[in-house]
Each structure stands twice: as C-alpha cells, then as structure tokens.
Amino acid sequence: MKRPLPVIAAALLAVALVLLVLAWREIGSLREEVAALKKGQAAAKPPSSSRFGPATSKTEVAASSKPKAADKSRVEPAEEKDKDSMSGMAALVGAGKGQIEKRRKARVALLTQRLKLRPEQTAALEKHAETYSEKVKAAFERMGKDAARPPDLGILMDWTSGRFDLPIKDLLDTEQAKLFSDFDAEDRSNRIENLVNAELAELHGQGTIQLSPEQKDKVFEALTGILAAEDAMGDAYFADDAGFSARIDESLARRREALKSIFDASQLQDYVRVLEEDRALIKGTFPSSHEAAKGK
C-alpha cells in the first residue's frame, strides 16, 4: 500500500479538484463524462485555487487588505468567505460520493480485462472493491462533517490520482502476476504524472507565476522526482500521530528547495506563499488527533 505525499494541486470549488485528475489514462470511458462535468462547472470556477480548498481571488485579497472608502461595500465579510470554502468542500464531497459506484465498476472491468481474470477472481475482486468503496465513502462523510484526519487525506489522494488500493495480487496466478507487474508500473507512472500535472495546474492558476516552456519542463522534472520518492513512503506518512505536521513541512520544504533555482525572485516569493497556504489548509482540514487535542 503506497500513496503519494499529500500535496493536491487543484481546486476544490465546484468539484474541480476531482475533475482535474480524474482523466485516468487507462479508463477512456470516463473521459466524456469528465469533459461534460468540466464544461458544466466552468462558469463556477474561481480565478485562483489552492490545493485543499477554494482560494480567494487576488483582487479579493487586495480589497480585503486595503479597502478604499468607495469600495468598502465590495469587501466580502470573513463569514461569507468561510461559507464559500464550506460550499467548495461540500461540492467536492458530493461529487466524490456520486462517482464512487461508477469508478468501482470501471476499475474492476479494467483489471478483469488487463489481467485476464477468471469469473471467480472477478467475483472476489468485486468484494474487495466494495469494501474499498465503503472506506472512501466514510472518508468523504468525515470530510463533509469537518471531522477528517490524516488517513482521510491519504484516501483523498488515492481518489484524486485515480488509485484503487485493492489486494489484487493475492488473487493472481503466476502468469497474471506478470501481467500485473507491468500494469502496476504503468498505473504508478500515470498516477504520479496526474499529481505533477495537478501541481502545475495550481501554479498556472496563480496569476503572478507564469512559467516559460523551459521552466515548465524543469518544474515537471523536479516534481516528478519528488512525487516518485514520496510515493514510495507508504501509508506511514498519513499516520494520525504527533509527527504529521512535521512530515507536511518536510514535503513542502522539498518543493521549495527544488524549485527555488528554477523560479525568479518574484515567482519564488509567490510559490512560498502558495506552500504556506497549502500547509494551513492541510492542518485545518486534516488535523491529527494529537494536534486537535492540543488545540493547534
């Protein structure tokens, strides 16, 4: 059981986070559905987005920090922004729960075809998939109730990157295991690429971080290396313990260090701000029980 590090680069508002990384390369039948949903939500997408929640636009930030007398009526109250954030999470949770059954069936069908599963193997896989789907539903329920914890972040990461954590290897014979080895390598590569593209999409959403083609290539390479290494860390990263925040900080520090030589001074300053916002959102949305008990 291996999952990528918790850095999700996509908008939560109006299910953009789910839709951004839902384009599984191995399940073409879902692509038309994704395109239709994206088209329907395009008008609702905010001008800027963060990895773990709907972000306030840069114009809103400027207005709220230095409102002019004539513009005071246009400044959004803090409670209104909180409502926007809550509605963004509600949209994500609702969209995720609505997709669980479809994605479960698609995954089982894909594995059955690619691994040449026998009927009894498919039946066993169905049971595992149903159990996993219930686990995902429970995580979405906790997120909707503002009761999520670090392990739920791991589940959300799996969901947004197109991963299904199923004990498929226990069902396979020798020949099928060989097929799965190739499939798993391809699946992991696609998952990491999805996450890298998601982080690049977040950067693109920041109006002041406009990357040149050369910068994009370098950033893609750097993030791919980071995410590949973090993907190998396993479930321990999402443990609900006293070290969760420290692990988050280390993750964000790796990104800052890797990209500082690629960005100019202005881009780096804005990127550091993005990382700090992500850190606050992670801690606020997925606090460890240890930190929650201490009121951190």
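The dialogue below treats helix packing and then a pocket.

Reply: This is a predicted model, in which local features need pLDDT of at least 70 and side-chain atom pairs count only at pLDDT 80 or more, while totals for chains, interfaces and linings use all residues. Residues are numbered from 1 along each chain as its sequence is written, and side-chain values use heavy atoms, with hydrogens and water left out.

Me: What describes two packed helices?

Reply: Two packed helices are described by the angle between their axes and the distance between the axes. Helices are DSSP runs (H or I, at least four residues), numbered from the N terminus. Axes are lines fitted to C-alpha atoms, for helices over the stretch in contact, and angles run from 0 to 180 degrees between N-to-C directions. Here, the axes of helix 9 (residues 244-259) and helix 10 (residues 265-285) cross at roughly 165° and come within 11 Å. Helix 9 and helix 10 are therefore roughly antiparallel to each other (angles over 145 degrees count as roughly antiparallel, under 35 as roughly parallel, 65 to 115 as roughly perpendicular and the rest as oblique).

Me: How do helix 7 and helix 8 pack?

Reply: The axes of helix 7 and helix 8 (residues 213-231) lie 9 Å apart, at an angle of about 130°. That makes helix 7 oblique to helix 8.

Me: Which residues of helix 7 and helix 8 meet?

Reply: Contact means heavy atoms within 4.5 Å. Among the residues that meet are R188, I192 and L203 in helix 7, and V219, F220 and D231 in helix 8. By class, this contact of helix 7 with helix 8 has 10 nonpolar, 2 polar and 5 charged residues (Ala, Val, Leu, Ile, Met, Phe, Trp, Tyr, Cys and Pro count as nonpolar, Asp, Glu, Lys and Arg as charged, and the others, Gly among them, as polar).

Me: Which classes occur in the contact of helix 5 with helix 6?

Reply: In helix 5, Y132 and F140 are among the residues that meet helix 6, where W159 is one of the partners. The residues of this contact of helix 5 with helix 6 divide into 8 nonpolar, no polar and 4 charged.

Me: What lines the second largest pocket?

Reply: A pocket is an open set of points on a 1 Å grid over the protein atoms alone, where a 1.4 Å probe fits, with protein on both sides within 12 Å along at least five of seven lines; lining residues have an atom within 4 Å of a point. The second largest pocket is lined by 20 residues, of which R163, D165, L166, F180 and D184 lie nearest its centre. Helix 4 (78-115) and helix 7 (174-205) are the elements that give two or more residues to this lining. The largest share, 7 residues, comes from helix 7. By class, the lining has 8 nonpolar, 1 polar and 11 charged residues.
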